Amino acid sequence: MAGHEDRKEQIIDKAVGIFAELGYYKATTAQVAKAVGVTQPYVFHFFKNKEELFKAVIDRAITRIYETFTQVEAPSDRLMETMGHAFLQIMESHRDEIIMVMQAHAISEPMIREYVSEKFRMIHESIIAKFESAGIPNAEAAASQFIGMGLLITVSEVLNLPQLLHFKDKTK
């Protein structure tokens, strides 16, 4: 049974890269199957359709972000910065997942849009709770700004536009 789950994870692994490179609409389950070295029906054994596969990919990425943020420990005056550095580490080690999350809000399929919306809401609420627990004033606004900054950093990295981050310490 472990082999079965390993194969499912391999499918998700390959799907991350394909969705990140081609986007949701151009990526196909046939491309994913070919990349894994299995047949397309085998992919459908694990995922009912491309939408379900995409949701599994988003789940993995969002779970990684969520778990990273909830595990960050820092004094309240350094919490946002520490969480920001944790996000940058995710972006370095799991770039395709972050690209996927970045693209996900632009997919107009209603079920995916609703699913992604719920995932972003979950991240936002968890950040609010973390900020409130740390005593950060106006935690809701701070959480929104934190997420907005993460999106800006991601756009800057993906498009190779470091000038968007004029506030970033250039000595690093």
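Predicted model: local features only at pLDDT ≥ 70, side-chain atom pairs only at ≥ 80, totals over all residues.
Figure 1. Gly 37 comes after α2 and has a positive phi, near 90°. Helix α2 itself covers residues 29-36. Its buried residues include Thr 29 and Val 32, and Ala 33 and Val 36 are buried as well. These four residues, Thr 29, Val 32, Ala 33 and Val 36, span an arc of only 100° around the axis, which places them on the same side of α2.

**Figure 2. Asn 138 and Asn 160, two residues with positive phi.** Most residues other than glycine have a negative phi. Asn 138 is not a glycine, yet has a positive phi of about 50°. Asn 138 sits in the loop between α7 and α8. With a relative accessibility of 59%, Asn 138 counts as exposed, because the cut-off for exposed is over 50%. Asn 160 is likewise not a glycine and has a positive phi of about 55°. Asn 160 belongs to the segment after α8. The relative accessible area of Asn 160 is 61%, so this residue is exposed.

Figure 3. Helix α5 runs over residues 79-93 and has 15 residues. At 1.5 Å a residue α5 should span 21 Å, and its end C-alpha atoms lie 21 Å apart, which agrees. The buried residues in α5 are Leu 79, Met 83, Ala 86, Phe 87, Ile 90 and Met 91. Gln 89 and Glu 92 are exposed, and they are carried by the face of α5 turned away from its buried side.

**Figure 4. The salt bridge between Arg 60 and Glu 9.** The closest N and O atoms of Arg 60 and Glu 9 are 2.4 Å apart. Arg 60 is in helix α4 and Glu 9 is in helix α1 (residues 2-26), and the pair links distant parts of the chain, 51 residues apart. Arg 60 has a relative accessibility of 18% and therefore counts as buried, the cut-off for buried being under 20%. Glu 9 is partly exposed, its relative accessible area being 34%. A network of salt bridges links Glu 9, Asp 13 and Arg 60. In the model as a whole, the count comes to seven salt bridges.

**Figure 5. The salt bridge between Lys 119 and Asp 59.** Side chains of opposite charge can pair when their charged atoms come close. In the pair of Lys 119 and Asp 59, the closest N and O atoms are 3.1 Å apart. Lys 119 is buried at a relative accessible area of 19%. Asp 59 counts as partly exposed, with 25% relative accessibility.

**Figure 6. The salt bridge between Glu 81 and Arg 78.** The closest N and O atoms of Glu 81 and Arg 78 are 3.2 Å apart. Glu 81 has a relative accessible area of 38% and is partly exposed. Arg 78, at 41% relative accessibility, also counts as partly exposed.

Figure 7. Rolling a probe the size of a water molecule over the atoms shows where empty space is left. The structure holds one cavity of 30 Å³ or more. The volume of the largest cavity is about 220 Å³. The lining of the largest cavity consists of 15 residues, of which Ile 65, Phe 87, Phe 120, Ile 147 and Leu 151 are the closest to its centre. Two or more lining residues are given by each of α4 (50-71), α6 (95-104), α7 (110-133) and α8 (139-158). Helix α8 provides the largest share of the lining, five residues. Sorted by class, the lining of the largest cavity has 13 nonpolar residues, two polar residues and no charged residues. Phe 87, listed among the residues closest to the centre of the largest cavity, is also one of the buried residues in α5.

Technical notes. Residues numbered from 1 in each chain as written. Heavy atoms only, no water. 1 Å grid on protein atoms, 1.4 Å probe; cavity = no way out; pocket = protein on both sides within 12 Å on 5 of 7 lines; lining within 4 Å. Points joined across faces, edges and corners; volume = space filled by probe spheres on them. Nonpolar A, V, L, I, M, F, W, Y, C, P; charged D, E, K, R; others polar. Buried < 20%, exposed > 50% of the residue type's maximum accessible area, 1.4 Å probe, protein only. Salt bridge = Lys/Arg side-chain N within 4 Å of Asp/Glu carboxyl O. Expected span 1.5 Å × (residues − 1). Arc of directions from axis to C-beta.
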